[in-house]
Amino acid sequence: MINLKKSVGVICAVVLSMSLLAGCGSKEKTNVEETANGFLTAVASNSTDDISKYATMEVAGGDFVQLFDAASMTDAFVAGFDQSELTDETKAEVSRFCALFADMIKDYEITKVEIGKDGTATAIATIKTKFPVNIINNATAQQKISEATEAYNTNNAEEIAALKEQGEDIAKAKIYDDMIRIILEIYEDEIANSSEESYAIALTLQKNTETGTWSVVDVKDYDSSSTGE
């Protein structure tokens, strides 16, 4: 004969344990989402200290974070140019331009959170930017810069030759300063004529077993993440 009371007790115990497990998983997903949101908020607000609270040093110093960091963009932008040969006015223009990247993220949203059997978590997010993230390297801008460089060399050949007679450093300083301004004008025109863009990214998070907190350990574009690249 079936012991109804015992059977009901077993069923209740199973249901209760499943509820507890589901609740635990739900709580962890919430923690992962809060960490992912905190990380993106810190990146969007260019808060270096807050970024380190939500991500590893490798992520904090990685390409994704640096793309929205004005100081990092300034260093990348003037790479190959001797900053000591730029005028203060031009340096200020470079800083102003690169500050646009620090304010580039318009909106973001965590759309999906999963916790794998290996204990790592993945948070898929959509980021909306005020202009395309590849504005610096896009083919149109690069072509315009190439054409502008050629035109500059042609139109200023006599002046450059005269400056070289005064010294190579004097000529180089003039060329650097002029070209930076020309490049800035091209990029600013590209930004002004661009539109908002949306991107899907995948954040990989790991849990610190000692503190119980989650941390972003990797950032990839969603397509690369989903294909395992």
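Student: Which element of the protein chain has the lowest mean pLDDT?

Tutor: The model is a predicted one, and the mean pLDDT of the protein chain is 84, with 83% of its residues reaching 70 or more. Strand β2 (residues 121-129) has the highest mean among the elements, at 96. The lowest, a mean of 48, belongs to helix α10 (residues 222-227).

Student: How many contacts beyond four places in sequence does the model have for residues 1-24?

Tutor: Over residues 1-24 the pLDDT stays under 50. Where pLDDT is low, the predicted coordinates should not be read in detail. With that caution, the number of such contacts for residues 1-24 is 1.

Student: What is the distance between the end C-alpha atoms of helix α7, and what span should its residues give?

Tutor: Helix α7 runs over residues 139-155, which is 17 residues. At 1.5 Å a residue the helix should span 24 Å. The end C-alpha atoms agree with this, being apart by 24 Å.

Student: Which residues of α7 are buried, and how wide is the arc that they cover around the axis?

Tutor: Ala-141, Ile-145 and Tyr-152 are the buried residues of α7. They lie on the same side of α7, because the arc they cover around the axis is only 40°. The face turned away from that buried side carries exposed Ala-139, Glu-150 and Thr-154, while the cover over the buried residues includes α8 (157-166) and α9 (168-192). The names asked for are thus Ala-141, Ile-145 and Tyr-152, and the arc is 40°.

Student: Which residue caps the N-terminal end of α7?

Tutor: The backbone nitrogen of Thr-140 has a side-chain oxygen 3.0 Å away. That oxygen belongs to the capping residue, Asn-138.

Student: How are the rings of Phe-97 and Tyr-187 arranged, and how many residues apart in sequence are the parts that the pair ties together?

Tutor: The centres lie 6.0 Å apart with 20° between the planes, and planes under 30 degrees apart count as stacked.

Student: Is Asp-177 buried or exposed?

Tutor: Asp-177 lies in helix α9 and touches Glu-85, Leu-86, Thr-87 and Thr-90, leaving aside residues up to four places away in sequence. Its relative accessibility is 10%, and the cut-off for burial is under 20%. Asp-177 therefore counts as buried.

Methods: Residues numbered from 1 in each chain as written. Predicted model: local features only at pLDDT ≥ 70, side-chain atom pairs only at ≥ 80, totals over all residues. Heavy atoms only, no water. Helix = DSSP H or I, 4+ residues; strand = E, 2+ residues; numbered from the N terminus. Expected span 1.5 Å × (residues − 1). Buried < 20%, exposed > 50% of the residue type's maximum accessible area, 1.4 Å probe, protein only. Arc of directions from axis to C-beta. Contact = heavy atoms within 4.5 Å. Polar contact = N/O pair within 3.5 Å; in protein donor to acceptor, adjacent residues only side chain to side chain. Phe/Tyr/Trp six-rings, centres within 6.5 Å; stacked < 30°, edge-to-face > 60°. pLDDT = per-residue confidence, 0-100.
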